[in-house]
Amino acid sequence: MRLGIDLGGTKTEILAIGDDGRERLRERVATPVHSYSDVVTAIAALVQTAEERLGTRGSVGVAIPGTLSARTGLVKNANSTVLNGHPLDRDLESVLSRPIRIANDANCFTLSEATDGAAAGLNVVFGIIAGTGIGGGICVGGRLLEGPHRIAGEWGHNPLPAPRDDELPAPPCYCGRRGCIETWVSGPALARDFNRRTGRSSSAADIHHKATTGDPEAKEAMEVFLDRFARAVASVINVLDPDAVVLGGGLSNLPGLAEDLARRAQAYAFMPEAPTLIRKNTFGDSSGVRGAAWLWRPEELPFALTR
Ligand SMILES: [Zn+2]
């Protein structure tokens, strides 16, 4: 049995799955926001309760909204800021008495979809989480590719390729650079751009809906947005040539997005003979917690844990 934990900004979820990928238990609690030790205690309690109920021990993988620094071993870049600067894996190892694997939530999303989701059985998979921000992850041969600095897949902080005149000067990003893809391709970025063009306030889903019902201003905003998204995806295709790109996050629910992006990205990529396969995710919001569980592959389950 394997246990996956998705440590989100507001909710922390645990999922127990068997080797066949079938769900055996799922539980959610509010994420403690004031103290790091409360987070460790909450995760340990979720694991212990799950194991008591199922009558067996499992491997533990955790998805976090940040990464473990390869240099210091401490959590960095987590928007759940109480985690930053702490050795979450070592602290969980000492309370749960077993090795713990931790990965970024976008990486867990990608691993989940590459293992038994929308890109199951495919070799090179690029996962995109597009919602309030934009992130990504890479799986090759069913394994995460993280890189020595653990930033593989972080394309959201590459500059938007081939900027048009009206996309300059590039807007500032919280990371300190200008013109990052995240400042153009995310739900809030679409809403901001629509507001700047029209003076109207709408959510990304609303703008998409209005565009499909013939609102010319919404149509134009969507057209520009999808063109930017496609330029950004084409730059990934040129570097990675993935077997599939899987879309996740709130924007992945826009109807027809995957097919539209596949067509547009082909036009920007380096002379591909066919469009790159772009698919919507299979597991939705569960992909993070499933990917966390899949951080331990069957042949790697730590000694003395039951399969
Ligand atoms: Zn940035």
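Visitor: How do β8 and β11 pair, parallel or antiparallel?
Guide: In this predicted model, β8 and β11 pair in the parallel sense, over 5 bridges. Within that pairing, valine 125 stands opposite alanine 244 in β11.

Visitor: And β8 with β9, parallel or antiparallel?
Guide: β8 and β9 are antiparallel, with 7 bridges between them. The two strands form a hairpin, and 3 residues lie between them.

Visitor: Which residue of β9 is opposite glycine 127?
Guide: Glycine 137 stands opposite glycine 127. For isoleucine 128, the residue opposite in β9 is glycine 136.

Visitor: What is the strand order in the whole sheet?
Guide: The order is β10-β9-β8-β11-β12, in an open sheet of 5 strands with mixed pairing. β10 (143–144) and β12 (278–280) are the edge strands; each has a single partner, so one side of each has no neighbour in the sheet.

Visitor: How many residues of β8 are buried?
Guide: 6 of the 7 residues of β8 are buried, so the strand is largely enclosed by the rest of the structure.

Visitor: Back to isoleucine 128. What does it touch?
Guide: Leaving out residues up to four places away in sequence, isoleucine 128 touches Phe109, Ile134, Gly135, Gly136, Trp155, Phe229, Val233, Val245, Val246, Leu247 and Gly248.

Visitor: Which residues touch the most other members of the largest nonpolar core?
Guide: Ile128, Trp155 and Phe229 do, in a core of 39 residues. At least two residues each come from β8 (124–130), β9 (134–140), α4, α5, α6, β11 (244–248) and α7 (257–268). α6 supplies the largest share, 12 residues.

Visitor: What about a second core, which residues does it include?
Guide: The second core is separate and has 28 residues, including Met1, Ile14, Val39 and Leu68.

Visitor: New topic, the metal. What coordinates the zinc ion?
Guide: The zinc ion is coordinated by His157 through ND1, and by Cys173, Cys175 and Cys180 through SG, at 2.0 to 2.3 Å. Along the chain, the donors follow the spacing H-x15-C-x1-C-x4-C.

Visitor: Why is the arrangement tetrahedral?
Guide: The 4 donor atoms subtend angles of 105 to 117 degrees around the zinc ion, and that makes the arrangement tetrahedral. The cut-off asks that all angles lie between 85 and 135 degrees.

Visitor: Is cysteine 180 buried or exposed?
Guide: Cysteine 180 is buried, with a relative accessible area of 1%. Cysteine 173 is buried too, at 10%.

Visitor: On to α5. Which of its residues are buried?
Guide: In α5 (residues 204–212), the buried residues are Ala204, Ile207, His208 and Ala211. These residues cover an arc of only 100 degrees around the axis, which puts them on the same side of α5.

Visitor: Why would residues with that spacing point the same way?
Guide: An α-helix has 3.6 residues a turn, so residues three or four places apart point the same way.

Visitor: What covers the buried residues of α5?
Guide: The cover includes α4 (187–198) and α6 (216–240).

Visitor: Which residues does valine 62 touch?
Guide: Not counting residues up to four places away in sequence, valine 62 touches Ile5, Leu92, Ile100, Arg101, Ile102, Ala103, Ala292 and Leu295. The C-alpha atoms of valine 62 and valine 289 are separated by 7.7 Å, while these two residues are 227 residues apart along the chain.

Visitor: Last one, valine 75. Which strand is it in?
Guide: Valine 75 is in strand β6 (residues 75–76). This valine 75 is buried, with a relative accessible area of 3%.

Visitor: What is valine 75 in contact with?
Guide: Setting aside neighbours within four places in sequence, valine 75 is in contact with Ile64, Thr67, Leu68, Leu83, Asn84, Gly85, His86 and Leu88. Between valine 75 and proline 87, which are 12 residues apart along the chain, the C-alpha atoms are separated by 6.3 Å.

Methods
Residues numbered from 1 in each chain as written. Predicted model: local features only at pLDDT ≥ 70, side-chain atom pairs only at ≥ 80, totals over all residues. Heavy atoms only, no water. Donors = N, O, S within 2.8 Å, 3.2 Å for Na, K, Ca; no water. Tetrahedral: all angles 85-135°; square planar, octahedral: opposite > 155°, others 65-115°. Buried < 20%, exposed > 50% of the residue type's maximum accessible area, 1.4 Å probe, protein only. Helix = DSSP H or I, 4+ residues; strand = E, 2+ residues; numbered from the N terminus. Arc of directions from axis to C-beta. Contact = heavy atoms within 4.5 Å. Core = buried A, V, L, I, M, F, W, Y, C linked by side-chain atoms within 4.5 Å. Pairing = 2+ DSSP bridges.
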